[in-house]
Amino acid sequence: MTGDRIKIEELLNYPGIGRVTLHKLSKIGIEYIHELTLFNPEEIMELASIDIERACQIIRLARKVAGKKAKVLNALEYERVMNSREQFTTGVKSIDKLVKGGIAVWDIYEFAGEYGSGKTQLCHQLAVTVQLSKEKGGLAGKAVYIDTEGTFSPSRVRDIASGFKLNEEEVLRNILVYRPINVAELEELVVEQLRSIFDLNTKLVIIDSIIALYRAEFKGREWLARRQQRINYLIDWLKRYANTYDIAVVYTNQVLSQPVPWGIAYKIPAGGNIVAHAATHRFLLRRLQDKWVIECIDSPRIARGSSASFRITERGLEDIK
Ligand SMILES: Nc1ncnc2c1ncn2[C@@H]1O[C@H](COP(=O)(O)OP(=O)(O)O)[C@@H](O)[C@H]1O
Ligand SMILES: [Mg+2]
C-alpha cells in the first residue's frame, strides 16, 4: 500500500458522507484514506465526535477504497501470501538463517539482553540493511529510529554503511530519528506522528528500548497495572502500522534477574505478559568471552533454543569466520 495517497475527500463521492464529517476528520489530523484504516470505529467516534453508525460506515468505506477488504484465503493461498512478503537481510548470514531468510514485514521482533549484549548495535545495523537494494537483500526502504535511551549514534551508522559500500550521508538521511523524553512524548510520536510514514517508503520501525521510559516513569507496584496498560496501547499501535503499512517492527528490551528459591538467578525479558505476547518473535542476546550469541526464546516459526553466533567489529555485526 506504500505510496498510495488518496485524500479523505474521496469519501465525498459516496452517499451519506458530507463536508461536515470530513471537517471533523481533518480536525483530528486525518488527511489520507490509509490513515483512516488504522482506526476502529469507537476511536473515530470518540476523537471526532461522530456517532457510531457513521463512524462504522466511514471505516468500512475507507477500507474498501484502500483495497483492504478482508479476504478469505485457503491455506495454500495464505502460504503464498506469507511467502511472498517482503524480507530484508540482517547483514549476518547466521542470523538471516536463524530468522528464516531475514526480517519480515508484518512481524514484530523483540531483542532482549543485558547491557552490552549487542541490542543497540543490531538496531543500527538493521537501520542500514533495510536500505540495501533488493538485489543486495534489502528493501530500498527507510527506517524510523526511536531512541529512548540516548544511544543512537550517527557515526556508528556511517561505519556500518561504509562496510556495506553505501553512501553514508544518504543512509543517514533515510533514518528518521526521534528521541522522546517521556511516555507522553513517545505515545504522541507513535500514535500521531507515525501515521504519516506510509508515505515515505518506511519499511522498518525501531524502538531502542521499548521499556526504559515506562520503567523510569511508573515506579512501584501501585503503578504496575497502569504501566502495563500504557505499554499495551503503544504496542497495539505498532502492530497496526506493521499490518496496515507493510512495515517490520523491531524493539529491544531489558532483562531482569528472576530470583529462584534455590539460589541461581536467571535473566528474563522485562515488561511481563504484555510485552511477552506482543512480539511475533522473541530473542535473547548474550555476550560471551569472544563472541555474541542470539537465541530464539519464542516464535511461531523458529525453534525455541535455536541460535546464531556473530561478532561485532568496526563495520557492525558480522559472521564469525
Ligand atoms: N566501533 C565498534 N567496534 C567494535 N565493537 C563495537 C563498536 N561499537 C560497539 N561495539 C561493541 O558493541 C558493544 C555494545 O553493544 P550494544 O549494542 O551497545 O549493547 P546493548 O545491548 O547494551 O545495547 C560494546 O561493548 C562493544 O563490544
Ligand atoms: Mg543499548
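# Contacts, burial and a ligand shell

Me: In the protein chain, residues 24 or more positions apart account for 66% of the contacts with a separation of 6 or more. What makes two residues count as being in contact?

Reply: Two residues are in contact if their C-beta atoms, placed from the backbone, lie within 7 Å. This is a predicted model, in which local features need pLDDT of at least 70 and side-chain atom pairs count only at pLDDT 80 or more, whereas totals for chains, interfaces and linings use all residues. Residues are numbered from 1 along each chain as its sequence is written, while chains are lettered from A and ligands numbered from 1 in the order in which they are written.

Me: How do you know that the radius of gyration of the protein chain agrees with a compact globule?

Reply: The radius of gyration is taken over C-alpha atoms, and the globule rule is 2.2 Å times the number of residues to the power 0.38. For 321 residues a compact globule would come out near 20 Å, and the protein chain has 21 Å, so the two agree. Along the principal axes, the C-alpha atoms fill a box of roughly 65 × 50 × 40 Å.

Me: Which domains is the protein chain divided into, and where do their bounds come from?

Reply: The bounds come from an automatic or database domain assignment, which gives domain 1 (8-65) and domain 2 (82-318). Their centres, taken over C-alpha atoms, are separated by 32 Å, and five residues of domain 1 are in contact with five residues of domain 2. On the side of domain 1 that touches domain 2 there are one nonpolar, three polar and one charged residues, where Ala, Val, Leu, Ile, Met, Phe, Trp, Tyr, Cys and Pro count as nonpolar, Asp, Glu, Lys and Arg as charged, and the others, Gly among them, as polar.

Me: Why does Pro180 count as partly exposed?

Reply: Pro180 has 17 other C-beta atoms within 10 Å, so it is partly exposed. Pro180 sits in the loop between strand E5 (175-178) and helix H10 (183-191). Beyond its neighbours within four places in sequence, Pro180 is in contact with Ile146, Thr148, Glu185, Leu186, Leu189 and Leu213.

Me: What makes the phi values of Lys100 and Ala140 worth a remark?

Reply: Most residues other than glycine have a negative phi, and most peptide bonds are trans. Lys100, however, has a positive phi near 60°, and Ala140 has a positive phi of about 45°. Lys100 belongs to the loop between helix H6 (93-98) and strand E2 (103-104), and Ala140 to the loop between H7 and strand E4 (142-147). Ala140 counts as partly exposed because it has 15 C-beta neighbours inside 10 Å. As for peptide bonds, the one from Asp208 to Ser209 is cis, with omega near 0°.

Me: How do you know which residues belong to the shell around ligand 1?

Reply: A residue is near a molecule if its C-beta atom, placed from the backbone, lies within 6 Å of it. The residues around ligand 1 are Gly113, Tyr115, Gly116, Ser117, Gly118, Lys119, Thr120, Gln121, Ile312, Thr313 and Glu314, and by class they divide into two nonpolar, seven polar and two charged. Helix H7 (119-129) and strand E12 (307-313) each supply at least two residues of this shell, with the largest share, three residues, coming from H7.

Me: Why is H7 called mostly covered?

Reply: Eleven of the eleven residues of H7 are buried, Lys119, Leu126 and Ala127 among them.

Me: What makes a nonpolar core, and which residues have the most contacts inside the largest one?

Reply: A nonpolar core is a set of buried Ala, Val, Leu, Ile, Met, Phe, Trp, Tyr and Cys residues joined through C-beta atoms within 7 Å. The largest has 61 residues, and those with the most contacts inside it are Leu126, Ala127, Leu204, Ile206 and Val250. Apart from this core lies another, of 15 residues, including Ile33, Phe39, Ile50 and Leu61.

Terms used
Helix = DSSP H or I, 4+ residues; strand = E, 2+ residues; numbered from the N terminus. Buried ≥ 20, exposed ≤ 12 C-beta atoms within 10 Å, placed from the backbone.
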